[in-house]
Amino acid sequence: MTDSRRAATLPVSFFSQPTEQVARELLGTVVVSRIGGVRTAGRIVETEAYLGHTDPASHGYASRRHARNASLYGPAGTWYVYLSYGVHWCCNLVCEGKGLGGAVLLRALEPLVGLDAMMTRRGTTTRALLCSGPGRLAQALGITLALDGTAMRSSDVTVQRGETAEAADIVASARIGITKAADWPLRFTVRGSPWISRRT
DNA sequence: GCGCCGATTGGCT
DNA sequence: GCCAATCGGCGCC
């Protein structure tokens, strides 16, 4: 195995895989932000796959292409950031890179680095409320529209190799908060993690 | 142009 | 458990 102490940013080829596989393999990797010159980081414990043009719940479904989600059709490893309910930023990583609109939504992290900064940004000292939810984790890392469309490997927010989750420790369940294709089991969580957004 | 809905969250009943 | 915040996309007039 590689030396886990040495940071290794995930290569573009990682994101060139099928979206569902990327969603699974992102569990255990570490998101590192240096937005605003402040270092914050967390281990990914929850993701959701949105498959793009074939997925009714995806922003990349059929003819939903607009200027606003143009980055969703960019190269694998591109950040796609959108505003949810007019209030919260949510961040995705584009997969496959064939212009099919597939991406993985980051839904929860185990906070690892820069907890003070996260607490300031989030307005709470309760650790369980720092990164457990897509809007929360984006706020904790300082993510806004400024990240949208940037290439992960050269952006202010990178994803580093971590301890890979064993397949048996990955739980697949229905995606949260959607009405279309709600029963597709494309939400992935680390079994038993106390940092996920909701109990499975 | 107008109204409704959404990959959410936090505060209040 | 209910609902407001707040904005962009979409359907419909």
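User: How many aromatic pairs does the structure hold?
Analyst: This is a predicted model, in which local features need pLDDT of at least 70, side-chain atom pairs count only at pLDDT 80 or more, and totals for chains, interfaces and linings use all residues. Residues are numbered from 1 along each chain as its sequence is written, and side-chain values use heavy atoms, with hydrogens and water left out. Rings of Phe, Tyr and Trp (its six-membered ring) pair if their centres lie within 6.5 Å; planes under 30 degrees apart count as stacked, over 60 as edge-to-face and the rest as tilted. The number of aromatic pairs in the structure is 2.

User: Is the pair of Phe14 and Phe15 stacked or edge-to-face?
Analyst: The ring centres of Phe14 and Phe15 are 5.0 Å apart. Their planes stand at 65°, so the pair is edge-to-face.

User: What is the angle between the planes of Tyr80 and Tyr82?
Analyst: Tyr80 and Tyr82 form an aromatic pair, 5.8 Å centre to centre. The pair is stacked, with an angle between the planes of 25°.

User: Are Tyr80 and Tyr82 buried or exposed?
Analyst: Buried means under 20% relative accessible area, exposed over 50%, and partly exposed in between (1.4 Å probe, protein chains only). Tyr80 has a relative accessible area of 4%, so Tyr80 is buried. Tyr82 has a relative accessible area of 17%, so Tyr82 is also buried.

User: Which residues touch the most other members of the largest nonpolar core?
Analyst: A nonpolar core is a set of buried Ala, Val, Leu, Ile, Met, Phe, Trp, Tyr and Cys residues joined through side-chain atoms within 4.5 Å. The largest one has 42 residues. Those that touch the most other members are Phe15, Leu26, Trp79, Ile143 and Val159.

User: How many residues are in the other core that lies apart from it?
Analyst: Among the members of this other core are Ala57, Tyr73, Tyr82 and Leu105. The number of residues in it is 10.

User: Which residues are closest to the centre of the largest pocket?
Analyst: On a 1 Å grid over the protein atoms alone, a pocket is an open set of points where a 1.4 Å probe fits, with protein on both sides within 12 Å along at least five of seven lines; lining residues have an atom within 4 Å of a point. The largest pocket has a volume of about 840 Å³, where grid points are joined across faces, edges and corners and the volume is the space filled by probe spheres set on the points. Of its 35 lining residues, the closest to the centre are Tyr82, Ser84, Tyr85, Cys90 and Pro134.

User: Which helix gives two or more residues to the lining of the largest pocket?
Analyst: Helices (H or I, at least four residues) and strands (E, at least two) are DSSP runs, numbered from the N terminus. Strands S2 (40-50), S3 (79-84), S4 (88-94) and S5 (103-113) each give two or more residues to this lining. The helix that does so is H4 (134-141).

User: Which residues of H4 are buried?
Analyst: Of the 8 residues of H4, 6 are buried, so H4 is largely enclosed by the rest of the structure. What covers them includes S1 (30-33), S2, S4, S5 and H3, where contact means heavy atoms within 4.5 Å. The buried residues are Pro134, Gly135, Leu137, Ala138, Ala140 and Leu141.

User: What is the phi of Ala62?
Analyst: Most residues other than glycine have a negative phi. Ala62 lies in the loop between S2 and S3. Although Ala62 is not a glycine, its phi is positive, at about 35°.

User: How far apart in space are Glu163 and Tyr85?
Analyst: Glu163 is in the loop between S6 (157-160) and S7 (170-173), and it counts as exposed at 65% relative accessibility. Not counting residues up to four places away in sequence, Glu163 touches Leu27, Gly28 and Arg43. Glu163 and Tyr85 are 78 residues apart in sequence, and their C-alpha to C-alpha distance in space is 34 Å.

Definitions and conventions: Chains lettered and ligands numbered in written order.
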